[in-house]
Amino acid sequence: MDKLDTMRAFLTVVQEGAFTKAADKLAVSPQLVSKYISVLEKSLQTRLLHRTTRRLSLTQAGSDYYQRCLQVIADIDEMESRLTEHAQVVSGTLTISAPMSFGTLHLPQLLMGFQQRYPQIKLKIALTDIKVDIVDEGVDVAMRIGQLADSSYICKKVAPINIAIMASPDYLAARGLPKTPAELQHHHYLKYVYSDDAMLFSGFDNMRHTIDFNDNLIANNGELLVNTAILGGGIVIQPTFIAGKALAEGKLVRILQGYEPKPVGLYMVYANRQYLAPKVACFIEFVSQYYSTPPSWDQV
């Protein structure tokens, strides 16, 4: 019995959490999967899995062996991929998740350029400001903005994202120019519902909880908030990839510049325990080389 087959079966059983699910994924019988694990444990003279009628769990030895197997199989897959890469045509459907406003404003040109280079790739784009689980949702690559927490996924930063505090000249003429964060309590605030206040008000020296904001408009879309600010609806805190053009045209002006949040990042997020398909690798490489420094939206 091939050692690599037994290792792959072991990895699949652990990842799927059941022999029957692993068998379905490997397209073999549950009996064969069980045999693979038995042969593997016998050859190692070590029990790798605790088995009960309800669940499977790793022994300590099994946990150690699992981590080693991941690396061994990943190395073998990468080696085989590199050896055959020159003969492969990059094709298939690539599913991408991205934030709504960033997607509508900045993805069309990028996606057209990518498809011109790889015409046999079909793109499926899902725009949402909700951070979906990329494995559960079948997403190949997620483009996300913020300060990403540690996770089991790979996060590759591809561009900086600057955030500005803004209002229209007409609004400031009518309501006055705030010179400190505390003065914002006398103004209309256009609030983004998914904003991370700890990040957004990081430049306010922990004053967020002492300011009684007049959240007269709350929305789940940054473009709506920026357009409302342009019309004089209030003060908005949004990324420059949304507001850069309005700032350049003088429709909005920056205020409280010494208190702006620290820049965050645009990241590509993808699973790190799955075989990296050529279509995914090509997209990651393309996007990594696409953005200039500073990015285009900060050059207008």
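How much accessible surface does the chain have, and what share of that surface belongs to carbon and sulfur atoms? It comes to about 16,500 Å², of which 50% belongs to carbon and sulfur atoms; accessible areas here come from the Shrake-Rupley method with a 1.4 Å probe, and for residues only the protein chains shown count as cover.

1. **Ground rules.** This is a predicted model, where local features need pLDDT of at least 70, side-chain atom pairs count only at pLDDT 80 or more, and totals for chains, interfaces and linings use all residues. Residues are numbered from 1 along each chain as its sequence is written, and side-chain values use heavy atoms, with hydrogens and water left out.

2. **Overall shape.** Along its principal axes, the C-alpha trace spans about 80 × 45 × 25 Å. The chain has a radius of gyration of 25 Å, whereas a compact globule of 300 residues would have one near 19 Å. That radius is taken over C-alpha atoms, and the globule rule is 2.2 Å times the number of residues to the power 0.38.

3. Of the 300 residues in the chain, 42% are buried. Buried means under 20% relative accessible area, exposed means over 50%, and partly exposed is in between (1.4 Å probe, protein chains only). As for contacts (heavy atoms within 4.5 Å), take those with a separation of 6 or more: residues 24 or more positions apart account for 74% of them.

4. **Elements.** You'll find ten helices and twelve strands in the chain. Both are DSSP runs numbered from the N terminus: helices are H or I with at least four residues, strands are E with at least two.

5. Two strands count as paired if DSSP finds at least two bridges between them.

6. **Strand E12.** Why call E12 (residues 264-271) largely enclosed by the rest of the structure? Because eight of its eight residues are buried. E5 (residues 141-146) pairs with E12 in the antiparallel sense over five bridges, with Ala142 opposite Val269. E6 (residues 153-161) also runs antiparallel to E12, joined by eight bridges. Here Ile161 stands opposite Val264, and Cys155 is opposite Val269.

7. Ser97 is found in strand E3 (residues 92-98) and is buried, with a relative accessible area of 6%. Leaving aside neighbours within four places in sequence, Ser97 is in contact with several residues, including Val141, Ala142 and Met143.

8. **Another five-strand sheet.** This one is open too, with mixed pairing and the order E9-E8-E10-E7-E11. E9 (214-219) and E11 (253-254) are the edge strands, each pairing on one side only. Helix H9 (residues 240-248) packs on the sheet and touches E7 (163-167), E10 (235-239) and E11; the direction of H9 makes about 120 degrees with that of E10. For such angles, axes are lines fitted to C-alpha atoms, for helices over the stretch in contact, and the angles run from 0 to 180 degrees between N-to-C directions.

9. **Strand E10 and its partners.** Five of the five residues of E10 are buried, so E10 is largely enclosed by the rest of the structure. E7 runs antiparallel to E10, with four bridges, while E8 runs parallel to E10, with two bridges. Val236 in E10 is the bridge partner of Met166 and also of Leu190. E8 (residues 188-192) pairs with E9 as well, in the parallel sense over four bridges; there His188 stands opposite Asn214.

10. **Nonpolar cores.** A nonpolar core is a set of buried Ala, Val, Leu, Ile, Met, Phe, Trp, Tyr and Cys residues joined through side-chain atoms within 4.5 Å. The largest has 60 residues, and Phe114, Met143, Phe283 and Tyr291 have the most contacts inside it. Helix H10 (residues 278-290) gives the most to this core, with six residues. Beyond neighbours within four places in sequence, Phe283 touches residues including Leu94, Phe114, Met143 and Met268. Apart from that core lies another, of 18 residues, among them Met7, Phe10, Phe19 and Tyr65.

11. **Asp64.** Helix H4 (residues 60-84) holds Asp64, which is partly exposed, with a relative accessible area of 45%. The C-alpha atoms of Asp64 and Leu48 are separated by 9.2 Å, with the two 16 residues apart along the chain.
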